[in-house]
Amino acid sequence: MERVETITGAIDASDLGTTLVHEHLLARDEAVHAQWPDAPTLGGDPPTAIEPGGEYDRAVEAARSALELGVRTICDPTAMFLGRDAAFMRCVAEETGLQVIACTGIYTYDHLPTFFLSRDPDQIADLFVADIETGIQGTGAKAAFIKCAADEPGVTENVEKVHRAAARAHLRTGAPIMAHSRPASDTAPRQIEIFAEEGVDLDRVQIAHCGDSPDADYLERLLERGVRAGLDRWGIEMYLPYDERMKVTLELVERGYADRIFLSADSCATIDWFPPEAAAALAEAGMVRDWTIRMTPERVVPDLREAGITDAQIETMLVRNPVSWLTGSG
Ligand SMILES: [Zn+2]
C-alpha cells in the first residue's frame with residue numbers, strides 16, 4: 001500500500017479515511033510575529049503559538065470538532081507567509097489524534113523576498129524538496145504536497161517563478177501540487193499551462209478555490225485539461241453564496257466529475273489578517289457564514305445527500321480523491 005507522510009509520520013494511504021483537503025490550523029503573518037513577537041494574536045495571547053490559550057487552543061478545538069464529525073485527516077495548506085509551523089501542527093495532531101498533512105511552498109499573490117528574486121526556480125525548488133525529503137523546520141516531519149498561488153494580480157512574473165519551482169519540486173519528488181486560484185480573475189488556465197510546460201502530471205494538480213465560480217462550463221473546461229478541482233470555500237459567502245456552491249457542485253457531479261473534485265471549507269482555526277472588530281464586522285455583514293472546519297461534514301455532506309448524491313459519490317470525494325491526488329494511485 002502507498003504511504004502518505006503526515007506531520008506525525010508516514011501512514012498507509014488506506015488509513016487516511018475522510019479527508020478535508022483544505023483546512024488551516026493556524027493562519028498568521030509570520031514576519032509580523034517574528035519582528036513583533038508581542039503583537040496581539042486573535043485571542044490577544046502569548047507570542048509563541050504553541051503556548052496554551054488563544055491560537056493553540058482554538059486549533060485543538062477545531063481538530064476535535066472535525067474528529068467528532070468523522071473526519072480523520074486534513075491537508076493543511078499553510079505555507080510560507082501564512083505562518084507555517086510544523087511543531088504547532090504536530091502538537092495539535094498528537095494531542096487530538098487528527099491526522100494532519102503538511103505542505104511546502106510559498107503563498108504569495110506577487111511579493112517575493114529579495115532572497116527569492118535573486119534565485120532561480122530550481123534553487124527555490126531545492127527548499128521545497130528538502131521539506132519533502134528531509135523534513136520541515138528541523139522537526140523531521142515531512143511535507144506531502146506543494147502549495148502555490150495566483151490571485152487578483154494574475155500570474156505575475158514572481159507567481160510564475162513560484163509555480164515553476166513547485167513544478168520542479170513535483171518532478172523531483174512526486175509530491176502533488178495545490179494551486180490557489182481566483183476564478184474571477186481567470187488565473188487557472190495560465191497556471192495549468194505553466195505546469196504543462198514543465199511536464200507536470202496534471203492529474204496530481206489540484207486547482208484550489210474552483211468552488212468560487214458559479215460557472216460549471218468554466219470549471220469543466222479546467223477539468224478537461226486533466227487537473228482536479230477544489231470546491232473548498234463553503235461558508236465564504238462573499239466569494240460565492242452557499243446555495244450557488246451547492247448548485248455548481250451538483251452540476252459537476254451530474255456531469256460525471258465526482259472523481260475529480262474535493263470538498264473542504266478553507267477554514268482557519270484562527271487568522272490574524274484582520275483586527276478583531278473588522279473580523280466581527282465581516283461575520284455580521286454575512287460575508288462569512290458557518291465558516292469552520294465543521295462546515296463540510298456537518299452541513300455540505302447532508303445537503304448533498306438530500307439532493308440525491310450517493311454514499312459512494314460522497315466517499316469518492318472525501319476519501320478516494322485525496323488518496324489518489326496524494327499518491328498518484330488508487
Ligand atoms: Zn487556504
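This is a predicted model: local features need pLDDT of at least 70, side-chain atom pairs count only at pLDDT 80 or more; totals for chains, interfaces and linings use all residues.
Trainee: What makes His 22 count as buried or exposed?

Mentor: Buried means under 20% relative accessible area, exposed means over 50%, and partly exposed lies in between (1.4 Å probe, protein chains only). His 22 has a relative accessible area of 1%, so His 22 is buried. You will find His 22 in the loop between strand 3 (19-20) and helix 1 (30-35); helices (H or I, at least four residues) and strands (E, at least two) are DSSP runs, numbered from the N terminus.

Trainee: Which residues is His 22 in contact with, leaving aside its neighbours within four places in sequence?

Mentor: Contact means heavy atoms within 4.5 Å. Among the contacts of His 22 are Cys 75, Pro 77, His 209, Asp 232 and Asp 266.

Trainee: How many disulfides are there by the rule?

Mentor: A disulfide is a pair of cysteine sulfur atoms within 2.5 Å. By this rule the count is zero. Take Cys 75: the nearest cysteine sulfur, that of Cys 103, is 9.3 Å away, and Cys 75 is in no disulfide. With a relative accessible area of 0%, Cys 75 is therefore buried.

Trainee: And why is Cys 91 called partly exposed?

Mentor: Its relative accessibility is 27%, so Cys 91 falls in the partly exposed class.

Trainee: Why is Tyr 239 called partly exposed?

Mentor: Because its relative accessible area is 42%, Tyr 239 is partly exposed. Tyr 239 sits in the loop between strand 9 (228-231) and helix 9 (242-254).

Trainee: How do you know whether the radius of gyration agrees with a compact globule?

Mentor: The radius is taken over C-alpha atoms, and the globule rule is 2.2 Å times the number of residues to the power 0.38. For 330 residues a compact globule would have a radius near 20 Å; the protein has 18 Å, so the two agree. The C-alpha atoms fill a box of roughly 50 × 40 × 40 Å along the principal axes.

Conventions:
Residues are numbered from 1 along each chain as its sequence is written. Side-chain values use heavy atoms; hydrogens and water are left out.
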